[in-house]
Amino acid sequence: ASDSDDDDEAEDWGPGQGPRGPDLPPMNPTYRYGDPSLPVGRYRRQILWLVENHAVTIIVGETGSGKTTQVPQFLLEAGWAESGYAIACTQPRRVAASTVAARVAEEMGVSLGVEVGYAVRFDNAISERTRIKYLTDGVLLREMMDDPLLTQYSVIMVDEAHERSLATDMLLGLLKKVLKRRPDLRLIISSATLEAGKLRDFFDTSTSGSTARRRAALAAAAAAAGAGVGGVACSEPDRTPAVVTVEGRTHPVQVHYLQQPAADYVTAAVSAAVDIHCEDLPGDILIFLTGQDEVQTAVAQLEEHSRRLGGGGGGGPGRPSYSLRMMPLPLYAGLPGAAQSAVFRPAPRGVRKVVAATNIAETSLTLEGVVYVVDCCFVKQRAYNPLTGLESLLVAPLSQASAAQRAGRAGRVRAGHCFRLCREQDFAQLPKVTVPEMQRSNLVGMVLQLKSLGIDNVMRFEWLAPPPAEAMVRALEELHALRVLDDDARLTKDVGLALAALPLDPSLGAALLASRQLGCVEELLTVVALMSVPHVWAPAAGSLRAADEAKAKFAAVEGDGVTMLNVHQAWRSSGRSSAWAGRHFLNASSLYRADEARDQLLGLLRRHGLLPANTPPPSCGTDMEPVCRALAAGQFMAAAVYEGTQYNPLAAESDPGVHVYRLVRYTAHKTAPLKLRIHNSSVLWRSAPPCVVYRSVQQADSGWYEMQGVTAVRPEWLVELAPHMFHRPK
Ligand code: ADP
Ligand code: MG
């Protein structure tokens, strides 16, 4: 659909020549941003031309070709961020937003938070002067609540659309509506894989499908209405989405499989990496695992091997001598900043980086220098069962599309190798593509947001792919139970509108609102803030036992919520010292963010008239019962009762057994009883309180659903809170 394919042409945009946003002054000719060596640089003119002329431009390109870091810089240079406009680029992952913003600020030689900034929930670095803003798709959705047409942006780039996160899918549906109202807005959708066809069809709002006919029709209509034909032509962009495919420079990657299935993929991944290392050929190794704990285990094991093997100057007596020394590094979302930059720094001479990463290295972040990929072929995913209403995280088989992405990471510098830790015949059985998150999530938060944006008929919203009807119905039921929706499925004035204003999970938001009557807003602000920021505990690999001991110092019999209060109090008494946090295996940056979240939530409560402005928030002092009651009020859908303890007949006498819980919530559908237990990260995992509410559930390999963020509650509270939901306990 483009006019030019100027692969080899030198860039020669002079003042006034380039495509620009509407009615903007000439560009500053001296600006040269970005890294011209990246593949996307060759498509710069084409992309700018398409963006100027089309409402929607879809960019498909290999990971690492420069879409995320370069395209916003092209737009800035072309004048799209003048006259007070900003350029937004959304990311499904928090880490990606802040990391990429830092990288772009560095490329432009500006400090982060001024011209280039990022915004993620409860943390941002932006100012009045910010022209390029990297933000999570969730934050952009929040911004729509205050400004439904997103008027501060001239271009919105929805990045990593292939991930099909819940928020991305929702955003695409909403942006389609916004585009109808804002002919000046441009949308760029970038995707690592070919979802392009579906996206193009979704956004194609041209009546005939043919640009020329569309324009002629518009001109005729305008002429009939007595308007100037020219005016229509330039204010109305082509409504047919344009597609650009950026050819990356990738090298072939040879894929290897196991002969026998691996019993434990973490150990198998470590030994595969060690074997590769011992071949003594140059190139970094990237290992894909599913979560932070696995990454830490792998790094600890690799460190042991590294000590044993030596290298980078010769092994000791009796050891083989390797020319390279192995440097194991972790990469996961909760990683403290300094450790994260270490991963991106090139390995020093004589050193081989071996990075153990979660899924964030699949497409969001690119590491240079990787020649070998070791892929466990699993991924941690959300799963939702609308029959039980249980949403959980579980380790699921990877899709073949994701596996191909992961393998591609090995071909950045030269021909590479990918080692999949499964047999070839088993790989062939894996699902072809990942099921979009919308199809496997609890939709309560989404429905609440759509309702508050004035979309009353959520069932008829235009979706890229509609969510399952049962999940929708379930969400409506839950919102009704929380008294967020009235009998006509409209947001209630007291709870519904208030809850929509809070950037919290509906259950935590409802707990915070309930704390007003219970006189413990001060405490609940802290609890929900700490429960909303991820990775508060940051035990390093190899120090898990010490970390458990540190955590025990704060443990409260009431459960994890009150434990969080103790943590926060001690953090405040330490003068918010990072050293103190480090000593207690707490993540100082998460604690700072929790403080930020607290302030923001307090501000929102006041701004929306939910709390008086000039008095401190009510506190319950040392009595923790109101805190537990408030949590119960928000989380009553997630209540479980103790059923008994299962002992393993083969285990030692001292084995505490497994405390089994059952979901309390009345379910209309009879399903197989669910096995719930308290996750061992909870302070309550050894004690067995008769009744609990939980924050989230994770499904273990063994099939157990493990509750996290657990609070002990009294069953009578639940009956009082939601008589319509519960049978009176026997
Ligand atoms: P895409 O979005 O197409 O996947 P990116 O724009 O993210 O590509 O990355 C382009 C290049 O910039 C990659 O080669 C990557 O290695 C490099 N890069 C991105 N972020 C960083 C960073 N924080 N540090 C060093 N290099 C980076
Ligand atoms: Mg990218």
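User: What surrounds ligand 1, and how do you know that a residue belongs there?

Analyst: A residue counts as near a molecule if its C-beta atom, placed from the backbone, lies within 6 Å of it. By that test 15 residues surround ligand 1, and Lys 67, Thr 68, Thr 69, Arg 103 and Thr 366 are the closest. Keep in mind that this is a predicted model, in which local features need pLDDT of at least 70 and side-chain atom pairs count only at pLDDT 80 or more, while totals for chains, interfaces and linings use all residues. As for labels, residues are numbered from 1 along each chain as its sequence is written, and chains are lettered from A and ligands numbered from 1 in the order in which they are written.

User: Which helices supply that shell around ligand 1?

Analyst: Helix H2 (67-77) and helix H3 (94-108) each give at least two residues, and H2 has the largest share, with four.

User: How do the shell residues around ligand 1 split by class?

Analyst: There are 10 polar, three charged and two nonpolar residues. Here Ala, Val, Leu, Ile, Met, Phe, Trp, Tyr, Cys and Pro are nonpolar, Asp, Glu, Lys and Arg are charged, and the others, Gly among them, are polar.

User: What is the order of the eight strands in the open sheet, and what makes S4 and S8 edge strands?

Analyst: The order runs S4-S3-S5-S2-S6-S7-S1-S8, with mixed pairing. Strand S4 (123-125) and strand S8 (242-246) each have a single partner strand, so one side of each has no neighbour in the sheet. On average, neighbouring strands of this sheet are turned by 20° against each other, ignoring direction.

User: How do you know that S3 and S4 pair?

Analyst: Pairing takes at least two bridges found by DSSP between two strands. Strand S3 (residues 116-120) and S4 have three, in the antiparallel sense, so they pass. Val 120 stands opposite Asp 123 in S4. Helix H4 (residues 137-146) packs on the sheet too, touching strand S2 (86-91), S3 and strand S5 (132-136).

User: Why is H9 called oblique to H10?

Analyst: Two packed helices are described by the angle between their axes and the distance between the axes. Helix H9 (residues 265-278) and helix H10 (residues 292-309) pack at about 40°, with axes 10 Å apart. Under 35 degrees would be roughly parallel, over 145 roughly antiparallel, 65 to 115 roughly perpendicular, and the rest is oblique. That makes H9 oblique to H10.

User: Which residues of H9 and H10 make the contact?

Analyst: H9 brings Val 266, Ala 269, Val 270, Ala 273 and Val 274, and H10 brings Glu 294, Thr 297, Ala 298, Gln 301, Leu 302 and His 305. In contact means C-beta atoms, placed from the backbone, within 7 Å. By class, that contact holds seven nonpolar, three polar and one charged residues.

User: What makes H18 roughly perpendicular to H20?

Analyst: The axes of helix H18 (residues 521-532) and helix H20 (residues 560-573) come within 9 Å and cross at roughly 100°. That angle makes H18 roughly perpendicular to H20. Glu 523, Thr 526, Val 527, Leu 530 and Met 531 in H18 meet Gly 561, Met 564, Leu 565 and His 568 in H20. Five of the contact residues are nonpolar, three polar and one charged.

User: In what order do the six strands of the open sheet with parallel pairing run?

Analyst: They go S9-S16-S13-S10-S12-S11. Strand S9 (253-258) and strand S11 (325-331) are at the edges with a single partner strand each, so each has one side without a neighbour in the sheet. S9 pairs with strand S16 (residues 416-423) in the parallel sense over five bridges, and His 256 has Phe 419 of S16 as its bridge partner. H10 also packs on this sheet, touching strand S10 (284-288), S11 and strand S12 (351-357).

User: How many bridges join S14 and S15, and what sits in the turn of their hairpin?

Analyst: Strand S14 (residues 378-385) and S15 pair in the antiparallel sense over eight bridges, with Lys 380 opposite Val 395. Four residues lie between the two strands, and Gly 389 in the turn has a positive phi of about 75°.

Conventions
Axes are lines fitted to C-alpha atoms, for helices over the stretch in contact, and angles run from 0 to 180 degrees between N-to-C directions. Two residues are in contact if their C-beta atoms, placed from the backbone, lie within 7 Å.
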